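Take a walk through this protein, one element at a time. Begin with the sequence and the structure below.

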Amino acid sequence: MNHFPKSFVIVDLETTGGDPYTGRLMEIAILKIENMQLTDQFSTLINPQTPIPPFVSNLTGIKNSDVQTAPIFDKYANQIFDLTNEILFVAHNARFDYQFLKSSFSRTNFNYQAKILCTVELLQSLYPEWGKYNLDETINRLELNCPNRHR
């Protein structure tokens, strides 16, 4: 019997830092899956309205000049909310991405809620022998083709 949900979204965010209350989104990608078929997708740079720290630019490849003319989160809030609210939210280190998205929504007066599936926790239960579950290790162990994991 298949217990996987019929609908879920896979979300990946790039942010200006590690604190969801002071950091800001600068890129978002969403894949919506229904009955194991891709039914919708959304991806865009977002102007974080704050400078991107050099460390983050080096890590992600996203520079201040890349987001300077990008729209702010408010422009996409309705669309992102419609895609991701009250549906299973799947991400690697899901609590991080979820808290950032929830914080972004709270600044635009949306009450955002979703159930979370963290792929790190899932992999830990499926492969306890791995020891490391960061994204690079996961990509290598699962032999995935992902040349630029931060984009």
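The expected span of a helix is 1.5 Å times one less than its number of residues. Keep that rule at hand for helix H3, residues 73-84. A straight helix of 12 residues would span 16 Å. Helix H3 spans only 14 Å between its end C-alpha atoms.

Before going further, a word on confidence. This is a predicted model. The mean pLDDT of the protein chain is 91. Of its residues, 95% reach 70 or more. Among the elements, helix H2 (residues 64-67) has the highest mean pLDDT, 97. Helix H6 (residues 135-141) has the lowest, 84.

Now stay with H3. Which residues of H3 are buried? They are Phe73, Tyr76, Ala77, Ile80, Phe81, Leu83 and Thr84. Look down the axis of H3: these buried residues fall within an arc of 155°, so they line one face of the helix. An α-helix has 3.6 residues a turn, so residues three or four places apart point the same way. On the other side of H3, the exposed residues are Lys75, Asn78 and Asp82. What do the buried residues of H3 pack against? Their partners are S1, S2, S3 and H4. After H3 comes Glu86, which has a positive phi, near 55°.

In general, strands of a sheet pair through backbone hydrogen bonds, either parallel or antiparallel.

Follow the pairs. Strand S1 (residues 7-15) and strand S2 (residues 25-34) are antiparallel and share 9 bridges. Glu14 faces Glu27 in S2 across this pairing. Ser7 has Glu34 of S2 as its bridge partner. Next, S2 and S3 also run antiparallel, joined by 8 bridges. Here Ile28 stands opposite Thr44 in S3. The hairpin of S2 and S3 has 2 residues between the strands. In this hairpin, Asn35 takes a positive phi near 50°.

Where is Val56 placed? Val56 sits in helix H1 (residues 54-60). Why does Val56 count as buried? Its relative accessibility is 9%, and the cut-off for buried is under 20%. Leaving aside residues up to four places away in sequence, Val56 touches Thr15, Thr16, Gly17, Met26 and Gly61. Take Thr16 from that list. Val56 and Thr16 are 40 residues apart along the chain, yet their C-alpha atoms are separated by 6.4 Å.

Technical notes. Residues are numbered from 1 along each chain as its sequence is written. This is a predicted model: local features need pLDDT of at least 70, side-chain atom pairs count only at pLDDT 80 or more; totals for chains, interfaces and linings use all residues. Side-chain values use heavy atoms; hydrogens and water are left out. pLDDT is the predictor's confidence in each residue, from 0 to 100. Helices (H or I, at least four residues) and strands (E, at least two) are DSSP runs, numbered from the N terminus. Two strands pair if DSSP finds at least two bridges between them. Buried means under 20% relative accessible area, exposed over 50%, partly exposed in between (1.4 Å probe, protein chains only). Contact means heavy atoms within 4.5 Å. The arc is that of the directions from the helix axis to the C-beta atoms.
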